[in-house]
Amino acid sequence: MVAMKLLDTVTGVTVEVPESVDCADQEDQGEYMWTDGNYSCDCNRALFHARARGVPEPSNPPCGDERFVLSEAPWMDVGLVISRLRKGDTPTGVKE
Ligand SMILES: [Zn+2]
């Protein structure tokens, strides 16, 4: 599977999200959780980022949707996007 990568836009550091937290076992491979669910928020992403780096977790990191950017995810995989197009689904991020 495609690894999930999380970029901290403040420090420029990208980490790979451990599979244990990426929700890839879900049918949508975690897409909803990471785009609209709890994991879409900077406060949760800050914790994942700290854990992935092996540094102490920040206490009460601020909420937001700007600092931590998901740069790679299974549902961004080219093969998956193509297979969705073939099925007639609208790919993620493309608005009609
Ligand atoms: Zn939050």
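Student: In this predicted model, which residue in β3 stands opposite Lys5?

Tutor: Strand β1 covers residues 4–8 and pairs with β3 in the antiparallel sense, over four bridges. Within β3, the residue that stands opposite Lys5 is Glu72.

Student: What is the order of the strands in the open sheet?

Tutor: The edge strands, each of which pairs on one side only, are β2 (13–17) and β3 (68–72). The pairing in this sheet of three strands is antiparallel, and the twist from one strand to the next averages 30°. The order is β2-β1-β3.

Student: What angle does the direction of helix α2 make with that of β2?

Tutor: Helix α2, formed by residues 42–53, packs on the sheet and touches β1, β2 and β3. Its direction, taken against that of β2, makes an angle of about 85°.

Student: How many residues make up the largest nonpolar core?

Tutor: In soluble globular proteins, nonpolar side chains tend to be buried together. Here the largest nonpolar core includes Met4, Leu6, Val17, Ala46 and Phe68, along with Trp34, Tyr39, Ala73 and Trp75. Met4, leaving aside residues up to four places away in sequence, touches Val17 and Ala73, among others. The core's residues number nine in all.

Student: Is Glu19 buried or exposed?

Tutor: Glu19 is found in the loop between β2 and α1 (31–35), and its C-alpha atom is separated by 7.8 Å from that of Ala3, 16 residues apart along the chain. Because Glu19 has 12 other C-beta atoms within 10 Å, and a residue counts as exposed at 12 or fewer, Glu19 is exposed.

Key. Residues are numbered from 1 along each chain as its sequence is written. This is a predicted model: local features need pLDDT of at least 70, side-chain atom pairs count only at pLDDT 80 or more; totals for chains, interfaces and linings use all residues. Two strands pair if DSSP finds at least two bridges between them. Helices (H or I, at least four residues) and strands (E, at least two) are DSSP runs, numbered from the N terminus. Axes are lines fitted to C-alpha atoms, for helices over the stretch in contact, and angles run from 0 to 180 degrees between N-to-C directions. Two residues are in contact if their C-beta atoms, placed from the backbone, lie within 7 Å. A nonpolar core is a set of buried Ala, Val, Leu, Ile, Met, Phe, Trp, Tyr and Cys residues joined through C-beta atoms within 7 Å. A residue is buried if 20 or more other C-beta atoms lie within 10 Å of its own, exposed if 12 or fewer, and partly exposed in between; C-beta atoms are placed from the backbone.
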